[in-house]
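Subject: Model handover

Hi,

Have a look at it first and then read on.

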Amino acid sequence: MSASNKWRAMPHHQPLCTRTHQIGALLLVATTFFFTKVLSPCSLSTSVVHVSQPQLRWGESQLSLKIYVYEPDEINGLTELMHGRDGKIPEQACLKGQWGTQVKIHKLLLQSKQRTLKKEEADLFFVPSYVKCARMMGGLNDKEINHTYVKVISQMPYFRLSGGRNHIFVFPSGAGAHLFKSWATYINRSIILTPEGDRTDKRDTTAFNTWKDIIIPGNIDDGMTKTGATVVQPLPLSKRKYLANYLGRAQGKAGRLKLIELAKQFPEKLECPDLKFSGPDKLGRKEYFEHLRNSKFCLAPRGESSWTLRFYESFFVECVPVIISDQIELPFQNVIDYSQISIKWPSSRIGPELLQYLESIPDEEIEEIIARGRQVRCLWVYVSDSESCSAMRGIMWELQRKVRQFHHSAETFWLHNGSIVNRNLVEFFKWELPVPLP
């Protein structure tokens, strides 16, 4: 059997439903509706994000959590974590690039109905910080970041009360929480929002913990996610020049280097141009997305870390993302079946076999995968959590699952009357700042 026939013989994603399934489903819906009206005096409510079919069920009736957002002027050092040592880095400068989610999440939480201004009624506490941006723009160095984080959390009695378990930090780049060098000592129990689920290529351990942390979508260019005319529009499959593309730097990474070599062998199938992301020949955002939309499949290999922004961008130019990053973690896995909207290929099998497989997939099936991706891509967009489908809505539901009725730490104790005390039996509201840290 030829390689092409081998892949054609393998089952691809099956259609969501056949004509028989559709007729049966309609009969089932009609029957259910009839008996519900006859037998039930009231309807049951479920939490559904309405993004057309399929519906995304979060498993709760409504959002009920309360989040307190620390104000920069109430904690000494917080302004430095947001705007640099001199306070001169503007918020607007930090909205673009991978680190933009630090600003967007903060601003959207300030506007959220789930925000509370009372610490005593809060389920969770959000610590605003734009340190990735501040570091990239020369506003803080690694030593200053580490020192300032420690100073900030030492002024948070509620952090001490829970051991940090109910405090939220955002680390939006591939470095993850490693931007805070002492993260393992001070915030190893806190909730970390990050697109990065694995960073063990250069370090002995990853900061991401699947049981407490939350994977968030990357920060896609607003020009591609806005309602109405976007930077570029998707092309019909018939007008796309290439089977697949990889748009990115080599960075000395084995998988990326293999793709570059593969493109040299099959230039008519795989586009892998030598793109300039800096300097006078820097690729503009419009040109970048025009390249991205010109293929049926967008390859997303591992780079410095396991996640890549191209995975999320591909949904907005409507090419099928092909993940080539074995350790990748993906957001909102409790409601999204990624096998229905993308392909994940072993990084150890980059070669002609990959192109043969992709070439064997009929356009009709590619269209179906793209259509399913079109239904859920709203979850990559950072807009208000009042929107029924948005990244913030998904993050809020994930955070609600983290809420506990009771918090304590190794340095928190309680007495018969329910009062919370420290090791010296001092009641919580009398704790002096700075509170001792581990």
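L425 is exposed, with a relative accessible area of 58% (exposed is over 50%, buried under 20%, partly exposed in between, using a 1.4 Å probe and protein chains only). Its phi is near 65 degrees, a positive value in a residue that isn't glycine. You'll find L425 in the segment after β15; helices (H or I, at least four residues) and strands (E, at least two) are DSSP runs, numbered from the N terminus.

Before going further: this is a predicted model, where local features need pLDDT of at least 70 and side-chain atom pairs count only at pLDDT 80 or more, while totals for chains, interfaces and linings use all residues. Residues are numbered from 1 along each chain as its sequence is written, and side-chain values use heavy atoms, leaving out hydrogens and water.

E318 is another non-glycine residue with a positive phi, about 60 degrees. It lies in the loop between α12 (309-317) and β12 (320-324). E318 is buried, with a relative accessible area of 13%.

There is also a cis peptide bond, between L433 and P434, with omega at about -5 degrees. P434 is in the segment after β15 (420-421).

Now for the strands. β7 (residues 191-194) runs parallel to β6 (residues 167-170), joined by 3 bridges, and F169 stands opposite I192. β7 also pairs with β8 (residues 214-215) in the parallel sense, over 2 bridges; pairing takes at least two DSSP bridges between the strands. Here L193 has I214 as its bridge partner. In a regular strand, side chains alternate between the two faces of the sheet. In β7, I191 and L193 point one way, I192 and T194 the other, and all are buried.

(A salt bridge needs a side-chain nitrogen of Lys or Arg within 4 Å of a carboxyl oxygen of Asp or Glu; Lys and Arg count as positive, Asp and Glu as negative, and His and the chain ends are not counted.) The K402 side chain does reach the backbone oxygen of W211, at 3.4 Å. K402 sits in the loop between α15 (391-400) and β14 (413-414). Leaving aside residues up to four places away in sequence, K402 touches I191, W211, K212, D213 and I214 (contact means heavy atoms within 4.5 Å). Among these, I191 belongs to β7 and I214 to β8.

Cheers

How values were computed: Polar contact = N/O pair within 3.5 Å; in protein donor to acceptor, adjacent residues only side chain to side chain.
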